[in-house]
Amino acid sequence: MAQSSDIVKEVKFSNGPFMPKSRRLAIISAAVVLFQLTSVPGGVARPSSTVERRQQAMKDMALAAKTIAAMFSGDVAYGKTRLREVASAFVLHSSELSVLFAGSAGSKSEADDRRIAAERKEFDEIATRLEELAVAFDRKAAQAGNEITPDMRMGSGVPGGGSLLGARPSRTEADLSDISAEHLFHMMLETCTTCHSKYRLRK
Ligand code: HEC
């Protein structure tokens, strides 16, 4: 992707683990290096920029969301294995959002980096909320059988069903486990929208 160039030029991976030009870059490169060490066998692949990585993480989540929506609507055949794969994609990416958005990314990004920096706590809270929901959804996926059962559906489990969407900013783990898989999924989508409306420039 073309947008890699600016940041890759800045965040060097030359000799040492990192030779930062500033503290900010040190933080970004440390995060990127850590990811490279754990994710690329041998570490030979060209390091992708933080912007590329966060945009890719977003795209992966969008694809995951499409897949789940299609499974629940019946447009795509339900499969337990696929559901679990998709659920873990949400867990993985939601857990890395705070790190991927730590620092200004430059013109290729659609993120409102200044606002994110100014409202760091709120941004991180939204990311954490997505992660909590993703973990709860992942647990449901792990318990799922070979077909979609009524208890996985919207409106089951929690009194009031859909009206609970976004009603409270955060829930405890116990609360979340009472909510059906489909409902949790819709709560995740709400979290995407909440964050985009504040911190994504082109919506
Ligand atoms: C905590 C904030 C936050 C959350 C939560 C969040 N996003 Fe994003 N998303 C952003 C920001 C900021 C950008 C712009 C990133 C950039 O261009 O650097 C973005 C960009 C995107 C893009 C465009 C990627 C590209 O460049 O092609 C997609 C698609 C997307 N998000 C989907 C999702 C989905 C689906 C979810 C929920 C499962 C989600 N996002 C959750 C903040 C968030």
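Among contacts in this chain between residues at least 6 apart in sequence, 70% join residues at least 24 apart; two residues are in contact if their C-beta atoms, placed from the backbone, lie within 7 Å. Keep in mind that this is a predicted model, where local features need pLDDT of at least 70, side-chain atom pairs count only at pLDDT 80 or more, and totals for chains, interfaces and linings use all residues. Residues are numbered from 1 along each chain as its sequence is written.

The chain has eight helices and zero strands. Here helices (H or I, at least four residues) and strands (E, at least two) are DSSP runs, numbered from the N terminus.

Let's look at one helix pair. The axes of helix 6 and helix 8 cross at roughly 160 degrees and come within 9 Å; axes are lines fitted to C-alpha atoms, for helices over the stretch in contact, with angles from 0 to 180 degrees between N-to-C directions. Helix 6 is therefore roughly antiparallel to helix 8, a word used for angles over 145 degrees.

Now to the ligand. Of the 24 residues around the ligand, M58, S109, E110, C192 and C195 come nearest; a residue counts as near if its C-beta atom, placed from the backbone, lies within 6 Å of the molecule. Helix 3 gives the largest share of this shell, eight residues.

| Helix | Residues |
|---|---|
| Helix 3 | 50-73 |
| Helix 6 | 120-143 |
| Helix 8 | 181-199 |

Notes. Angles under 35 degrees count as roughly parallel, over 145 as roughly antiparallel, 65 to 115 as roughly perpendicular and the rest as oblique.
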